[in-house]
Amino acid sequence: MRHEVLLSEGVSGGYDTVSYNTLHRRAEGLPLEAPLAMPLQDWSTCDPAPLRSETAPQGIALRRFLLIAATLLIALAGGGEMARAAAPGGFALGELLLVALFVPLFAWIGFGFLTALAGFVRLLVGARDFDLVVETAPEGRTAILVPVYNEDVSAVFGRIRAMARSLAREGRARDFDIFVLSDSNAENGRAEYAAFLSLRPTLAPGLYYRRREQNIERKPGNIADWVRRFGGGYDYMLVLDADSLMDGRTMARMAATMDANPGVGLIQTVPDVVNARTLFARWQQFSGRLYGPVATAGMIWWSGSEATFWGHNAILRTRAFAESCGLAALPGAAPFGGAIMSHDMVEAALLRRRGWAVHMVAAPGSTEEFPPSIVDFAKRDRRWCQGNLQHLRILGSGGFHWVNRLQLLMGGSAYFTSPLWLLLIVAGVVHHVTLGGGGAAVPAPWLLGFTLALLFGPKLLGLVWTLIDRRRRAALGGVRRIAAGIFVDVPLSALVAPLMMLTQTLSLADILVGRSSGWSPQRRETDGIALAEALRHYRPHVLLGAAMLAFAAAGMGSSLWLLPVAIGLVLSPWLEMLTARQSAVPALFRVADRPVLAASASAPVPLRAPPSALAA
């Protein structure tokens, strides 16, 4: 079978048609280079550009006003009640601190609830804003980019094979090429190249492989290197992670939607979690399927054409990305300076400031895997924390849309909520001790009920929508299976929340004193964690939990509110050990994966021995 790709003679030159076999005679199976300039952006000055075409829904400004105004009203109501309770006896320092901590945290959970509520209403009335086109053949060429860094080679190439075959079944193989962009070490690189040589002749889409000798600027540097070398040959680039899996129909619809909307620079899908094997990953998969749709619909409702980017499972207009998203390093050394780590949200803001619309869609067929344990999730989360703190340094950059500034602020401030919750707990304890166990401010009972409604309201809305949606209900095993899953989910959430609170607080403190996260490969498979490893990670949690238990015992009934937090912290190592195991998963959470892609991706990829020159 003959395949052809368009290859640029230069940034602004014409195009030549070069045969598939000619391309693969090039070194390392790469096509002829099609350079595309990608200048570094100026953080200080840039005039904001109007949207190239209006793709946001009507009334988007009103939606945002209502969301922000309602959030402020919720925060003021909660803070006002806390202040009212403290007023009769005069404001002690501890009470002022409690109110000061309570208001922003109440606003945070209020914003989350209102987003879910808006999403629930949007789903209920069947409203559709920007969405993917249906069954239209894409006109432009798309490069599927799969960046890898010391991953399980068979798993990565198994997913690539599944996606390539899905494209072929859709009759869209000629519209896509797949690039494996490796930052792996030499040993992993040899295995990757052998898998590439074995798989390439069996696939209809073009498959290419490139390994960088120098891993400059991590994943964003990897993508930028491809853009500068090959970006001129492709209209779009569909960026994935090593654990991403997308079906051919969804990829074709994404490319066709870009064709139909020339003013759109990026479309972000919301991936489902698949192939979850441990209790932790399966729990997250279950929660995402059950509660996620209303939150996703809510984000789409208020983000409009200023949506964010998650760095994977998204399609981008290549020339728009090249002209807008060259990431200049921040002044100073890591962790706050240097190369930007959480590049995705910044790239979305940079696209929008040049007039390109950025949209989020809830599309079936877009999936990813989830870290297998709480420890592995925390390691990834620490990198996100460092990257999101860098966002606070560029909030004042010229030309950003105010919604993008809000997203960057929320991303950075999100990691301060954990220490704020911890401070609120500590402030409550200190205030209780200072008053000798009595005289503390007691807000009206409605505030406790309102707080619980804001915290658990999104879960309840997600449950109601799932029960309404017959297909989603069936995918989760029916009403009885859903009820059983919730019976595990709610107490498990309550126990793990204190663990995550302290873990994020310690990570934030570590970064604030100047320790950079580094870049280590992700562990994607495990079946249990030894007690010694769990204790090493959670020794501070156990000590703080034990101190809280002792205080609760001494304070008797007036300190019982500390017990859920204290128990979760004390049990941290054993929660880690339990949730990292695979054995109890089928009995607790049932979530149906899409069988065709999953089965094809899980089959092993045979390795052809690489040439001796590459094996050396």
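At a relative accessibility of 7%, E81 counts as buried (under 20% relative accessible area, with exposed meaning over 50% and partly exposed in between, for a 1.4 Å probe and protein chains only). E81 belongs to helix α2, residues 60-86 (helices are DSSP runs of H or I of at least four residues, strands runs of E of at least two, numbered from the N terminus), and, leaving aside residues up to four places away in sequence, E81 touches P443, A444, W446 and L447 (contact means heavy atoms within 4.5 Å). The model is predicted, so that local features need pLDDT of at least 70 and side-chain atom pairs count only at pLDDT 80 or more, whereas totals for chains, interfaces and linings use all residues. Residues are numbered from 1 along each chain as its sequence is written, and side-chain values use heavy atoms, with hydrogens and water left out.

The mean pLDDT of the chain is 87, and 87% of its residues reach 70 or more (pLDDT is the predictor's confidence in each residue, from 0 to 100). Over residues 1-27 the pLDDT is below 50, although this stretch has 64 contacts in the model beyond near neighbours in sequence. Residues 610-616 also stay under 50, with 12 contacts beyond four places in sequence. Where pLDDT is low, the predicted coordinates should not be read in detail.

The whole structure contains 16 aromatic pairs (rings of Phe, Tyr and Trp, the last by its six-membered ring, with centres within 6.5 Å; planes under 30 degrees apart are stacked, over 60 edge-to-face and the rest tilted). Among them, F106 and F450 are edge-to-face, at 5.8 Å centre to centre and 70° between the planes; because F106 lies in helix α3 and F450 in helix α14, this pair ties together parts that are 344 residues apart in sequence. F106 is buried at 2%, while F450 is partly exposed at 27%. F280 and F370 form a tilted pair, at 5.8 Å and 50°. The charged end of R380 sits over the ring of F370, 5.5 Å from its centre (NZ of Lys or CZ of Arg within 6 Å of the ring centre and within 35 degrees of the ring normal).

Most residues other than glycine have a negative phi, and most peptide bonds are trans. The peptide bond from A334 to P335 is cis, with omega near 10°.
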